[in-house]
Amino acid sequence: MENIRCGSCRALLFRAGRGAISGTIEIKCRRCGTLNALRPPEPKPERRERPDQGSANCGSISR
Ligand SMILES: [Zn+2]
């Protein structure tokens, strides 16, 4: 679990598990009223796909 705190007064806003945040979240702090915009902890701007590795001959028996 990760503690999500206010960026202004550091008050605990909520707690989120890994992967719980999939997009941008806006939450207003109840203590100071600051609107906190939160993003997922692991930014993935571009998905890196693996090149196909199935074409290479890996242990193919051709005898
Ligand atoms: Zn606050």
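The protein chain contains 0 helices and 4 strands. Read along the sequence, its elements follow the pattern β-β-β-β. The chain has 63 residues, of which 2% are buried. Contacts between residues at least 6 apart in sequence were examined for their span. Of these, 21% join residues at least 24 apart.

The mean pLDDT of the protein chain is 83. A value of 70 or more is reached by 78% of the residues. Confidence is highest in E3, at a mean of 94. It is lowest in E1, where the mean is 92.

Strands E3 and E4 pair with each other. E3 covers residues 25–28, and E4 covers residues 35–38. The pairing is antiparallel and runs over 4 bridges. Ile25 has Leu38 of E4 as its bridge partner. Lys28 stands opposite Leu35 in E4. Together, E3 and E4 form a hairpin, with 6 residues between the strands. Gly33 lies in the turn and has a positive phi of about 80 degrees. In a regular strand, side chains alternate between the two faces of the sheet.

A positive phi also occurs at Arg10, a residue other than glycine. The value there is near 65 degrees. Arg10 sits in the loop between strand E1 (2–5) and strand E2 (12–16). Arg10 has 12 other C-beta atoms within 10 Å. It is therefore exposed, since a residue counts as exposed at 12 or fewer.

The start of the chain was examined next. Met1 is in the segment before E1. Met1 and Gly17 are 16 residues apart in sequence. In space, their C-alpha atoms are 4.4 Å apart.

In outline, the predicted model is a chain of 4 strands and 0 helices. E3 and E4 form its antiparallel pair described here.

Notes:
Residues are numbered from 1 along each chain as its sequence is written. Helices (H or I, at least four residues) and strands (E, at least two) are DSSP runs, numbered from the N terminus. A residue is buried if 20 or more other C-beta atoms lie within 10 Å of its own, exposed if 12 or fewer, and partly exposed in between; C-beta atoms are placed from the backbone. Two residues are in contact if their C-beta atoms, placed from the backbone, lie within 7 Å. Two strands pair if DSSP finds at least two bridges between them. pLDDT is the predictor's confidence in each residue, from 0 to 100.
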